[in-house]
Amino acid sequence: MRTLLLASTILMAAAATPVVAQNAAAPAAVTAPASNILTVERVFANPSLAGPVARGVSLSPDGELVAFLRSREDDVDVLDLWAAPVSGGDAFKLIDARALVPDAGELSEAEKARRERMRISQRGVVEYSWDEQGRYILAPLEGDIFLANRADGSVRRLTETAADEIDAKVSPKGAYVSFVRDQNLVVLNLETGAEQAITTEGKDLITWATAEFIAQEELDRDTGYWWSPNEKYIALQRTDESGVDIIPRLDIAGGGASVVEQRYPRAGRPNAVVELFIHDVASGNRVQVDLGANKDIYLGRVNWAADGSVAYVQRLSRDQKTLDLLSVDPATGQSRVIATQTSNAWVPLTHNFKALKDGNFIWSSEETGWQHLYLYNKDGRRLRAITRGEYPVKSLNGVNQDAGEVFFTASMRDGKELPIEQQLFKASLKRTVTPTEITPRGGWWSASVNGTGTAYVGNYSDLNTPSQSALYTIDGNRVRWIEENKLQPGHPFWPFAERQQKPTFGTLESHGETLVWQMTTPPNFDPTKKYPVVMQVYGGPSAGGVKRSWQPATNQLLTEAGYIVFRLDNRGEGDRSAAFKQALYLKMGQPEIEDQVLGAEYLRSLPYVDADRIAIMGWSYGGFMSLMALTEPKMGLAAALAGAPPTEWSLYDTAYTERYMSTPQANVEGYAASDVLSRLDNMTGRLLLMHGMADDNVIFENTTRVLNELQVKSLPFETMLYPGQRHGIRGNDRQLHQWRTYLDFLDRTIGTRAPTNGQ
């Protein structure tokens with residue numbers, strides 16, 4: 001029998017004042033804002049209510065300039081490239097996207113797909129990179145490539161072709177610019193302006209130097225080629241999709257429809273064949289890397305030794321239970337396995353690898369049950385643990401090799417995990433020590449440490465502070481603001497700030513694991529009254545959604561409409577212990593729903609919750625969770641809003657699905673239990689289904705099979721489809737429609753227009 005343990009402890013009680021550093025101070029006392037009610041029309045209008053938020057912030061290699069992306073005030077969906085001197089002075093615009101390309105044309109299908117995989121929804125300057133000397137900034141813009149010169153501020157257009165140039169990079173020493181055009185890798189000599197095609201065989205189902213669909217979508221790898229630090233070699237992948245199943249996909253837009261014969265590797269079916277080669281820039285010779293006899297593997301990561309003498313390749317088995325680290329001779333392509341990680345469930349693939357100039361390297365492992373950093377010698381022999389404790393390292397952020405210091409982010413307090421906060425910490429390369437806190441407690445920090453480990457760009461928010469960014473010395477002293485984004489008169493959110501309700505936090509216990517939750521009540525909350533509740537859910541493997549950070553404006557739309565907003569991070573969700581994440585192994589949709597039932601029972605135990613008016617909403621995995629929850633009688637939901645839901649896991653891709661569920665052939669019972677169709681007779685309330693009609697990730701078939709079955713069963717439901725939209729709904733206009741639809745459906749099912757028990 002499941003036992004409900006009410007939250008006896010509030011995590012870092014919201015009534016307490018968050019601890020904020022001097023260099024990230026909460027806004028000073030100012031005149032109270034006007035008490036305006038936030039509307040859906042204002043949320044999806046310009047300028048953004050988030051204020052001036054810097055994206056993609058990076059410090060120049062010489063440490064003199066900070067570059068970042070900023071939305072235009074007249075169009076939040078278009079980004080320009082800005083820079084600010086470290087020594088002080090106003091930020092200035094380096095690249096004006098609309099000035100350089102006034103009429104942005106249609107992107108190629110390949111670039112659309114790549115941006116969808118990277119979750120890039122804006123146009124303009126969406127990415128950029130420095131050369132290692134800090135002389136240039138390279139910026140792809142609407143399919144062509146531009147180069148900004150630090151010395152004179154000039155911007156040079158490098159390409160102007162009908163084809164898109166994608167994944168552009170400045171070579172490490174700044175001699176070349178490389179990019180992929182028409183499925184081939186091209187290198188441009190910056191001194192002469194001459195282009196050289198590194199490959200020419202790319203066409204049809206053969207692609208060079210581009211991460212395949214699975215790598216982009218599920219392995220968090222967006223590139224398919226890697227320069228050696230000395231510019232002598234380029235490692236590049238060759239992808240053959242000929243064995244991947246064709247899944248005909250209707251791409252339905254407002255002006256018509258087309259059939260896309262998409263190569264989509266479904267669970268249990270063939271993947272693309274990926275091979276790795278190393279190209280010698282001077283001689284033009286190319287050798288193939290020995291990745292082993294088994295071709296059915298994943299190319300996980302490629303890194304270079306600091307001197308370029310060795311390529312380190314992470315090879316992940318198809319079942320993702322074995323991760324091998326290969327040491328590769330770039331001259332011959334010969335390889336040897338120097339370290340291996342294994343798991344009975346899956347081995348996490350991270351970016352926590354750093355080659356050091358002394359020949360050693362840092363790599364992370366989850367073998368203790370928690371993700372931690374370790375130091376290895378060049379032959380793969382482990383020298384020592386860098387971090388240890390009952391918390392996971394989120395990311396390796398930087399290294400000061402001269403001082404022997406390692407910087408990482410973690411959600412941890414005094415050696416124990418604290419999932420709702422995140423800080424930057426310092427550890428040692430020389431010995432295993434208790435980490436030192438660099439950023440203060442009380443909110444959510446992310447950081448980008450410079451190459452020497454002497455400074456970092458920090459991004460911070462808490463319940464009272466919108467996302468702000470600044471440059472800091474490595475000991476935490478602020479050098480300058482990048483975007484202070486202070487909540488004060490003139491800030492776009494200021495007129496609505498007084499009515500913003502702050503969430504409280506708590507815990508529930510489930511199967512020996514601690515679940516964290518947050519709850520936000522409506523303005524003028526009266527605990528003697530009863531309120532309807534909207535449970536927000538993702539539920540699947542992710543970074544978790546319960547955070548002591550600035551809350552999205554859409555939450556306030558729900559509280560202004562009179563709803564309590566509740567979110568619970570169930571087992572399987574969040575950067576937690578291996579045991580916490582692996583609870584859903586082979587049985588997705590089961591432990592997660594058990595935990596959400598626990599959340600619903602807790603809500604019903606509260607005197608101010610209307611037990612008959614609880615709804616749930618989620619997108620993608622959250623859409624799957626919404627359907628599973630609506631068809632779970634113990635949840636007792638009045639309504640569910642399910643967006644782009646996977647509804648039968650054999651329809652989804654290999655790497656993601658097999659990681660957590662194995663193959664349909666090997667886990668027949670688990671796949672059957674997670675098929676939504678078999679549960680539809682158990683719906684406890686009304687359903688709203690949403691889906692983009694050009695979704696190339698969660699294919700539209702996932703929703704149409706549910707529509708068909710509901711009609712066969714004569715069960716009433718509602719649907720909203722979005723022509724031309726992929727896995728996410730993009731742009732202010734369509735998101736405005738999306739949220740108007742949400743609010744209307746909620747109002748009719750659990751809100752002021754909902755039927756009463758007496759009707």
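A charge sits over a ring if NZ of Lys or CZ of Arg is within 6 Å of the ring centre and within 35 degrees of the ring normal. Keep that rule in mind for the first stop. The model is predicted, so local features need pLDDT of at least 70, side-chain atom pairs count only at pLDDT 80 or more, and totals for chains, interfaces and linings use all residues. Residues are numbered from 1 along each chain as its sequence is written, and side-chain values use heavy atoms, with hydrogens and water left out.

**Stop 1: charges over rings**

Select R382 and Y374. R382 lies over the face of Y374, at 3.9 Å from the ring centre. Now select R286 and W208. R286 lies over the face of W208, at 4.5 Å from the ring centre.

**Stop 2: strand β16**

Stay with W208. Its bridge partner in β16 is R238. Strands here are DSSP runs of E, at least two residues long; helices are runs of H or I, at least four; both are numbered from the N terminus. Two strands pair if DSSP finds at least two bridges between them.

Select residues 233-240, which make up β16. Is this strand mostly covered or mostly open? It is mostly covered, with 6 of its 8 residues buried. Buried means under 20% relative accessible area, exposed means over 50%, and partly exposed is in between (1.4 Å probe, protein chains only).

Which strands pair with β16? Here are three:

- β14 (residues 206-208) pairs with β16 in the antiparallel sense, over 3 bridges.
- β15 (residues 225-227) runs antiparallel to β16, joined by 3 bridges. W227 stands opposite I234. The hairpin of β15 and β16 has 5 residues between the strands, and E231 there takes a positive phi near 65°.
- β19 (residues 273-280) pairs with β16 in the antiparallel sense, over 8 bridges. Y233 has D280 as its bridge partner in β19.

**Stop 3: ring pairs**

Rings of Phe, Tyr and Trp (its six-membered ring) pair if their centres lie within 6.5 Å. Planes under 30 degrees apart count as stacked, over 60 as edge-to-face, and the rest as tilted. How many aromatic pairs are there? The count comes to 31.

Select W445 and Y460. Their pair is tilted, 4.7 Å centre to centre with 45° between the planes. It links distant parts of the chain: W445 is in strand β35 (residues 444-449), Y460 is in strand β36 (residues 455-462), and they are 15 residues apart. Both W445 and Y460 are buried.

Next, select W649 and Y656. This pair is stacked, 6.0 Å centre to centre with 25° between the planes. W649 counts as buried because its relative accessibility is 1%. Y656 counts as buried too, because its value is 8%.

**Stop 4: nonpolar cores**

A nonpolar core is a set of buried Ala, Val, Leu, Ile, Met, Phe, Trp, Tyr and Cys residues joined through side-chain atoms within 4.5 Å. The largest has 84 residues, and M519, M535, F566, L603 and L687 touch the most other members. Helix α8 (residues 621-630) gives the most to this core, with 7 residues.

Select M535. Leaving aside neighbours within four places in sequence, M535 is in contact (heavy atoms within 4.5 Å) with residues including F566, L603, I614 and M635. Another core, of 35 residues, lies apart; among its members are V40, A638, L688 and L743.

**Stop 5: T703**

Finish in helix α11 (residues 701-712), where T703 is found. Why does T703 count as buried? Because its relative accessible area is 0%. Leaving aside neighbours within four places in sequence, T703 is in contact with P645, L689, M690 and H691.
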